[in-house]
Amino acid sequence: MRTHLPSRKVIAVLTAALLATGMAACGNSDTGDNGGKGDDGKITLGFSQVGAESAWRTANTTSVKESATAAGIELKFDDAQQKQENQIKAIRNFIQQKVDVIAFSPVVESGWDTVLKEAKDAKIPVILTDRAVDSADKSLYKTFLGSDFVKEGRSAGEWLVEQKKAATGPVNIVELQGTTGSAPANDRKKGFAEAIAANPNLKIIASQSGDFTRAGGKQVMEQFLKANPKIDVLFAHNDDMGLGALEAITAAGKVPGKDITIITVDAVKDGMQALADGKFNFIAECSPLLGPQLMDLVKKVHNGEEVPARIETQETTFTQEQAKEALPNRKY
Ligand code: AHR
């Protein structure tokens, strides 16, 4: 009996076909390329977080993670440790993984155009959350969700103007700025300066970055106290720096909230406690609970729906009395 063996040509074609199938399968699992969907068809969101520099940031991360789970969105989360280059790397990874939507909170305002253009070319919509970028080309992102930082700085300044309206001599102010080049540092500084311009007695005698951390706030406040014998007011761009500064002020033998008036931004639990205890004098609120609104936007931009160019968070301010009332129900 004669057996029909396959010709060399047929074997070559079959081998090539098998190899191609195998390579395609490897490609899927290596790159996670599943057509932009989670394994179960969920929307995939790549989120690049600034870092974990403050209690505000921790609350924001929790809000994003919990809301993604609640909304049935698959979250790829990256912590950039306060470094722009890490955020750019994370965004490029999200593009490679073909996520459906990218959201990020830019550590600084400038230098995003190239990577945002890469996302746009890959047809992946981008949402800015919490902090903004200064890109002239607004088509590089779909929307911004977050606070009016200028307004926060202005509220802090207006409160101070009212408190010091009877002052006849100079009122010396020191300012602990947030991360250099970040939107909240730039905008809070601007809003505060605009408001205190109403009273020429109010003077910023020193202003330096404490990078939004407690350690930074303490260290810079120590320098301020050494260099300036008369400090009347501290404006800290967040609670954490203000809380760090409390240690420096107490160590210098001064009474926070009395010898030095302290104004901060955020209203996280520890900040509100310091305010209720009389160590802080005033806080302009900045809400970190952006998760639910963000997930709503993710779904909308994924479905190609129109969204407003800017969505601002509702915020308030707190005096010492108001902090005592609000503290028991504070969520973060
Ligand atoms: O971008 C929001 C700011 O970043 C918060 O005020 C501050 O606490 C955080 O680190």
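The buried residues of helix α6 pack against α5, β6 (171-177), β7 (202-209), β8 (233-236) and β9 (261-266). Here, buried means under 20% relative accessible area, exposed means over 50%, and partly exposed lies in between, using a 1.4 Å probe and protein chains only. This is a predicted model, where local features need pLDDT of at least 70, side-chain atom pairs count only at pLDDT 80 or more, and totals for chains, interfaces and linings use all residues. Residues are numbered from 1 along each chain as its sequence is written, and side-chain values use heavy atoms, with hydrogens and water left out.

**Helix α6**

- Helix α6 covers residues 183-196 and has 14 residues.
- From first C-alpha to last, α6 reaches 20 Å, close to the 20 Å expected at 1.5 Å a residue; that expected span is 1.5 Å times one less than the number of residues.
- Among the buried residues of α6 are Ala183, Asp187, Arg188, Phe192 and Ile196.

**The whole chain**

- The protein chain has 11 helices and 12 strands; these are DSSP runs numbered from the N terminus, with helices being H or I of at least four residues and strands being E of at least two.
- Of the 332 residues in the protein chain, 49% are buried.
- Contact means heavy atoms within 4.5 Å, and among contacts with a separation of 6 or more, 74% join residues 24 or more positions apart.
- The protein chain exposes about 16000 Å², with carbon and sulfur atoms supplying 53% of it; such areas come from the Shrake-Rupley method with a 1.4 Å probe, and for residues, only the protein chains shown count as cover.

**The largest pocket**

- A pocket is an open set of points on a 1 Å grid over the protein atoms alone, where a 1.4 Å probe fits, with protein on both sides within 12 Å along at least five of seven lines.
- The largest pocket has a volume of about 150 Å³, and a volume is the space filled by probe spheres set on the points, which are joined across faces, edges and corners.
- Its lining has 13 residues, with Asp148, Lys151, Glu152, Glu315 and Thr316 nearest the centre; lining residues have an atom within 4 Å of a point.
- Helix α5 (149-163) and strand β10 (282-285) each supply at least two lining residues, and α5 gives the most, with three.

**A look at Gln293**

- You can find Gln293 in helix α10, residues 291-302.
- Gln293 counts as partly exposed because its relative accessibility is 34%.
- Leaving out residues up to four places away in sequence, Gln293 touches Leu145 and Ile311.
- Gln293 and Gly146 are 147 residues apart along the chain, and their C-alpha atoms are separated by 9.8 Å.
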